[in-house]
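Reader: I am new to this structure. Can you show me how to read it, one feature at a time?

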Amino acid sequence: MNAKANTSASPARQRLLAALLRLFYPRFFRDTYGREILELFEQRREEVRSLRETISLWCRTIGDIAISGLRLRASSFRRAARKWLPRRREEVSLSLMADLRVAVRVFLKAPGFTAIAVVTLALGIGANTAIFSVIEGVVLRPLPYPQPEELVRVWPQSNFSKGKFVRLQEQARAFSGISGYVGSGFTLTGVGQPEELNGGGVASNHFSVIGVEPVLGRGFLPEDAAPGGERVAILSHGLWQRQFGGDPTVLGRRIELGGRGADSRRVVGIMPPYYRPLASSWELWVPFTLDPDNGHEYEDNHFIRLIARLRPDVTLEEASADVRRIAVLLLKDNPGIFSRELMELAGVSSLHDDFVGNVETTLWVLLGAVGMVLLIACTNVANLLLARAGIREREIAIRLALGAGRGRLIRQLLTESIVLGVVGGLCGLLMASWTLLALVGQLPATIPWVDEAGLNFSVLVFALAISLVASLVFGIIPALRYSRPNLRSSLREGGRGSSAGSSQHRFTHGLVAVEVGLSVLLVVGAGLLLKSSWHLQQVEPGFTVEGVLSLRVHPPAGHYSEPSQLRSYYRDLIERLQAVPGVVSAGAIQLLPLVRDNMGVGYMAVDHPIPPGEPLPIANYRIVTPGYFRTMGIHLLKGRTLTTTDGLDGPAVALINQTMANSVWPADDPIGKQIAGDADGEPWFTVVGVVSDVKQQALDRDTRNEIYYPYQGDTLQTMYLTVRTAGDPTSLAASIQDGIRSVDPDVPISRIRTMDEVLQASTSDSTFMALLFSVFAALALLLGAVGIYGVTNYIVSQRTHEIGIRMTLGAAESTVLRSVLRHGMKPVALGVVIGILGASATTRVLATFLFGVTPTDPATYSVVVVSLILVAVAAAYFPAKKASRVDPMVALRNE
Amino acid sequence: MAQVKQSPENVIPLTPRVFQILLALVDGEQHGYRIMKDVEERSGGKVRIGPGTLYEAIHRLVASKWIVESKGQPGNSTDDRRRRYYRLTDFGRAVLKAEAERLSDVVSFAESKKLIRKRRPA
């Protein structure tokens, strides 16, 4: 349903209606009638004259959609249920209506209680629903491709050459199709501002293996991949809209992807708007050429990632075995970098797991945590219900005396709980929709397709289901207890059942203990994550974060086909940037620290030869301009730094980091040592300096050996510029970009961020987890405090009489205060013990999220316990104070 | 939905909404908006069917094969080119007839009891 409505519909209105349709209608109905319904609404709207009519139209439409949607769902449900449900409909529905009426009356009579219970439940259910909608959108929903369960990734990931890919394709039996792809950058010029595009080369069967074909034009054909085939490209819908205004005549037109005709391609297809590329940022696809005659490119470049579609009757294990069988042959054929270690990885894995595997744990842990919040909320409501026993007991005793069966009574009480639960659930749904808006903005970018998360029917069902389950959880115990009060004593004593006291108190205390236990668990979790996040903030990244702006530039290949052209471009660029007023220094590197990408290189110290056959050790490989170190505040520890002439003529030189100096030459001076790039020992470069360590990949990872090679000696197209400024770097962003454009206006600039932002982004996962857990823990504490307050308050009200007698007999205020507090703290103490035991058993699931702190960190536990007890004392203090102020005369006269 | 052979008499009485929708299709095929307006006009604005309810009913009627979506669309009016049109099936027409007769019997009974004035002879 992607046709554009040709009415003058405002997008906001259409979006709202579309959301309503999504929420209430089953998919098939939406697809068939959705557009018609929207159009009907638009026509209706045109008839409307006044604001009042507009409002009335909206109300009627929303009601209409909701009711017809629910009717549709109900009828399909009824059809299913008719098969196995006995029918005693009339009887059941009659007494059900009566129960419902009573329930509503009961709650209307106690608005304060009802409000607290509903808000408590809404908080719990809302938080759960919000997290669940993210899980539903990200993890549970199948990949948006046809028969997604057949799609697999082939391992070892990105270690296939074109030749190996083709041989695998020829020999594999388990798949209906295998396709490869490899990422690369493009520079779109000739349409507006030059833009760097993410995309890549794909095998010609790419889209047919995935099962999504272009919405306009055609997919790739085998002849597109043949040597000398026409150069063609397929655009994403987003790119088509953004750069070409959705103009269909772009099909068949040539676009420039490298500037000056270096990579001119004919657009043959546009992907549909809902197509989700395998690599989320891709907007452009070109066929990769399979040319066996180009031996080096065909056989030696092992960068191709493979996906495949299983034959319908083949299992993952069978497919893995098939891949392993062929991998053995490939290894014999031409190993390349296909080492024995990589061979261990050969096989397939489900594409779905591959996409969501990393975040799945995070999300389930969050759901677990938020589930505890709901459990606390339920305990609270159960306690509130029990505390109302004093009020309800008489009414229930009368009902029993009049002959109501216990079962009937339990049903009445459970109906009441369900009414509470459902009302709480509806409010919770409202809360979840607000929370989601905030949440989706906060979620770390590593979660794929998070924008898919939203309220839809599955989420609605989930919210309803947890509302009902919660109702049972908090309703069943009070219902069981209420329904067998001591009949005679309740009637005789006029509803003040001091006899029910002790067992009743024991029970409420038990619930408080549970509540406190769960709160401890959550607060410990939050504490650990906060501490870990703090530890992460303390890690020295190894460079000066403040005052540095980073930008990515991608000179188009057409303008800069020769290394010498690139060299002079970057030399001019750095010079130009240094001349911008306010700029202190400028440099460039091919991969910024903390951006998760890495480039490694095998090396061998010439004076520490490695026996033939052994694999070479790998060091991080960074290509830099001389100004990079000064700009980033990386210190030179030994030797000299790079100069503008290094790498041009003369002997090759490079810098290494401190870790490498210490690990390769622990005893010797590394300056002047020679490094080879191969096991043959042929020197590659001489070490001329040692610089301080930088956290290159992530703050929580150990620094690896690292080689900094001069840019003049190894030119690359794409570089990150780093610019140190005297003041706030963002205020200079515009003049820095002007500077870049003044050197060459055709060079696209992207990823403009301060290094501080880069640093923050690299820890966003951990910050997010800590933040969310803190919110849950705060909720848990709040609900726990409310629970303790409510229970103590209730017990005090029950003991007013007793306290009055004590005070008449001469008990001091402070004695009463202490006694009530002591009484209130008993379950708290028990709860704390339960919580600590529970926490030490379960916080292990957090281990993967923790850095610099163990799941059983004693300091965290102590702080949590102390603060929880303080909160509990505070919550119990006010009722206790009230008790100690009891006027003995009033208390006794009340009798 | 099981499609057992049914006789029109077994499926009546119809709900007023369904009756009205079927009635709107008596003269030939119509699209959703026309059906909605037709029902509204015939009832003097008293019966209003919301778009969701309308298509829910249409969905059921199509599933019961009382109406079908028509392939060819009447006229060449350009603004209607994307709309879905519906028409009665023979069975749907029979149901409508059976219901009309039933209602007519009810009305005759009311007349014979002098509850309402006799209609003009047809």
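Reader: How many residues of chain B are in contact with chain A?

Author: This is a predicted model. Start by counting who touches whom. Here 25 residues of chain B are in contact with 22 residues of chain A.

Reader: What area do chain B and chain A bury between them?

Author: About 2200 Å². Of that buried area, 47% is on carbon and sulfur atoms.

Reader: How many salt bridges are there between chain B and chain A?

Author: Look for a Lys or Arg nitrogen within 4 Å of an Asp or Glu carboxyl oxygen. Between chain B and chain A the count is 4. One of the pairs is A:Arg71 with B:Glu56. Their closest N and O atoms are 2.7 Å apart.

Reader: Which elements give two or more residues to the side of chain B that touches chain A?

Author: They are helix H3 (32–42) and helix H4 (51–63) of chain B. H4(B) supplies the largest share, 10 residues.

Reader: What classes of residue make up that side of chain B?

Author: Sort the residues by class. The side of chain B that touches chain A has 10 nonpolar, 5 polar and 10 charged residues. Polar contacts can be counted too: 9 residue pairs across the interface qualify, with both residues at pLDDT 80 or more.

Reader: How many salt bridges are there over all chains?

Author: The count over all chains comes to 35. Take A:Asp738 and A:Arg741, whose closest N and O atoms are 3.8 Å apart. That pair forms a salt bridge.

Reader: Where do A:Asp738 and A:Arg741 lie?

Author: Both sit in helix H22 (residues 733–743) of chain A. They are 3 residues apart, about one turn of the helix.

Reader: Which helix gives the most to the nonpolar patch?

Author: Helix H16 (residues 457–482) of chain A, with 3 residues. A:Leu472 is placed in helix H16.

Reader: Which residues is A:Ser204 in contact with, leaving aside neighbours within four places in sequence?

Author: A:Ser204 touches A:Phe220, A:Leu221, A:Pro222 and A:Ala225. For A:Ala226, 22 residues away along the chain, the C-alpha separation from A:Ser204 is 9.6 Å.

Notes: Residues numbered from 1 in each chain as written. Chains lettered and ligands numbered in written order. Predicted model: local features only at pLDDT ≥ 70, side-chain atom pairs only at ≥ 80, totals over all residues. Heavy atoms only, no water. Contact = heavy atoms within 4.5 Å. Buried area = accessible area lost by both parts, 1.4 Å probe. Salt bridge = Lys/Arg side-chain N within 4 Å of Asp/Glu carboxyl O. Polar contact = N/O pair within 3.5 Å; in protein donor to acceptor, adjacent residues only side chain to side chain. Helix = DSSP H or I, 4+ residues; strand = E, 2+ residues; numbered from the N terminus. Nonpolar A, V, L, I, M, F, W, Y, C, P; charged D, E, K, R; others polar.
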